[in-house]
Amino acid sequence: MRTPRYDFASDNTAGICPEAWAKLVEANSGSASSYGEDEWTQRVCDKVRETFATDCDVYLIFNGTAANALALAQLGRSYHSVICHERAHIDNDECGACEFYSGGSKLLPAGGLQGKLDLAEIETVLARQNELHSPKPRTISLTQATEMGTVYSLSEVQAIGHFARERGLFLHMDGARLANAVASLGIQLAEITWQAGVDVLCWGGTKNGLAGGELVIFFDRRLSQDFEYRAKQAGQLASKMRFLAAPWLGLLENEVWLQNAQRANHAARRLAEGLKRAGAELCFSVESSAIFLRLNGATVSRMNEKGWYFFKFIEPDVYRLMCSWMTTDEAIAALIADFAASRSCTAITAA
């Protein structure tokens with residue numbers, strides 16, 4: 001077996017981008033105030049407000065699970081519910097954190113093609129929660145880009161935002177890969193978030209070139225009252241906050257976050273095109289940095305023998321490949337070549 005390669009296993013396997021690393025090194029000079037009272041944290045918050053063109057409240061949280069869970073807990077009480085897609089990360093991959101931090105607020109899964117919430121499906125879920133014996137709907141949560149790597153269009157987010165407002169619901173966005181979605185759509189961050197009706201955004205930096213540190217952004221400051229206490233109680237207040245903030249400054253300045261996402265998206269398109277030429281069956285549109293393939297067990301085993309690791313994501317036999325800001329042309333070419341050889345060998349064995 002070759003040396004294990006995790007290039008396409010996840011964007012979590014990528015390193016820290018140079019701009020973020022440089023800011024981290026710069027912040028490591030001398031001493032600074034703790035618990036967010038430092039100049040780095042203030043500069044990041046100011047830069048976020050400038051980037052989104054609105055006066056919002058900004059909080060730095062260690063990771064995406066805590067960011068989502070605490071944001072949703074802030075929007076509701078224990079007897080409330082959150083409607084999300086049936087494949088949503090908050091429901092399938094966060095170990096009940098949203099329910100835990102909210103004291104029991106229930107997640108209500110809804111269907112929708114290509115990983116996107118369908119308004120008719122949301123309406124059906126709401127109709128089942130129409131009296132005292134059911135948890136009261138409070139928030140809709142959408143994931144941008146979705147768990148299937150697809151991207152909500154501007155009109156789709158606007159439609160969900162309008163739907164939520166009409167029914168007195170909040171709209172939360174899990175933006176772990178928001179940068180990739182914005183790069184795909186070619187629009188401004190403000191357009192696809194608060195201007196489209198999003199109340200609270202969890203903006204991911206880990207998938208975009210950071211070591212860790214996510215932003216929870218409240219576009220309506222009234223919603224963030226006492227959130228700092230909630231974060232502290234959950235162990236999410238960093239004492240040396242400047243080391244979470246400084247790398248974010250590296251992403252925000254000169255729109256490095258967008259450049260990183262564009263590179264990842266472009267790499268995914270090149271990889272998808274090469275795999276398709278080699279006979280791969282793609283399951284979803286390649287709209288961001290993720291590619292989903294239908295693979296048989298023999299091909300997967302041969303790819304693993306060649307050192308490639310990636311995740312089985314959806315039944316039956318659907319696997320995810322993920323590109324990142326640091327995906328190289330050499331890695332793409334190597335994986336395509338090994339896939340073609342593995343597939344050919346599998347075909348010969350089957351014959």
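**Pockets, salt bridges and strand pairing in the model**

The lining of the largest pocket receives at least two residues from each of α3 (64–75), β6 (200–203) and β10 (311–314), where helices (H or I, at least four residues) and strands (E, at least two) are DSSP runs numbered from the N terminus. The structure is a predicted model, in which local features need pLDDT of at least 70 and side-chain atom pairs count only at pLDDT 80 or more, whereas totals for chains, interfaces and linings use all residues. Residues are numbered from 1 along each chain as its sequence is written, and side-chain values use heavy atoms, with hydrogens and water left out.

Among the elements of this lining, α3 gives the most, with 4 residues. A pocket is here an open set of points on a 1 Å grid over the protein atoms alone, where a 1.4 Å probe fits and protein lies on both sides within 12 Å along at least five of seven lines; lining residues have an atom within 4 Å of a point. The volume of the largest pocket is about 410 Å³, a volume being the space filled by probe spheres set on grid points that are joined across faces, edges and corners. Its lining comprises 28 residues, and Asn12, His89, Ala176, Arg177 and Lys207 are those that lie nearest the centre of the pocket. By residue type, the lining of the largest pocket divides into 9 nonpolar, 11 polar and 8 charged residues, with Ala, Val, Leu, Ile, Met, Phe, Trp, Tyr, Cys and Pro counted as nonpolar, Asp, Glu, Lys and Arg as charged, and the others, Gly among them, as polar.

The second largest pocket holds about 350 Å³ of space and is lined by 16 residues, of which Tyr35, Gly36, Thr41, Tyr59 and Met241 lie nearest its centre. At least two residues of this lining come from each of α2 (39–52), β1 (57–61) and α10 (227–233), and β1 provides the largest share, 4 residues. The lining of the second largest pocket consists of 9 nonpolar, 4 polar and 3 charged residues.

The count of salt bridges in the model comes to 19, a salt bridge being a side-chain nitrogen of Lys or Arg within 4 Å of a carboxyl oxygen of Asp or Glu. One of them joins Asp7 to Arg5, with an N to O distance of 2.8 Å; Asp7 is partly exposed at a relative accessible area of 27%, and Arg5 is partly exposed at 29%. On this scale, buried means under 20% relative accessible area, exposed over 50% and partly exposed in between, with a 1.4 Å probe and protein chains only. In another salt bridge, the closest N and O atoms of Glu123 and Arg167 are 2.9 Å apart. This pair links distant parts of the chain, with Glu123 in helix α6 (residues 119–127) and Arg167 in the loop between α7 (154–166) and β5 (170–175), 44 residues apart. Glu123 is partly exposed, with a relative accessible area of 35%, as is Arg167, for which the value is 34%. A further salt bridge, 2.9 Å from N to O, connects the side chains of Arg222 and Asp220; Arg222 is exposed at 69% relative accessible area, while Asp220 is partly exposed at 23%.

Strand β5 is mostly covered, with 6 of its 6 residues buried. Phe170, His172 and Asp174 point one way from β5, and Leu171, Met173 and Gly175 point the other way. Strand β4 (residues 136–143) pairs with β5 in the parallel sense over 5 bridges, two strands being taken to pair if DSSP finds at least two bridges between them; Thr139 has Phe170 in β5 as its bridge partner. The chain passes from β4 through α7 to β5 in a right-handed β-α-β crossover, that is, one whose path from the first strand over the helix to the second runs clockwise with the strands pointing away from the viewer. β5 also pairs in the parallel sense with β6, over 4 bridges, and there His172 stands opposite Val200 of β6.
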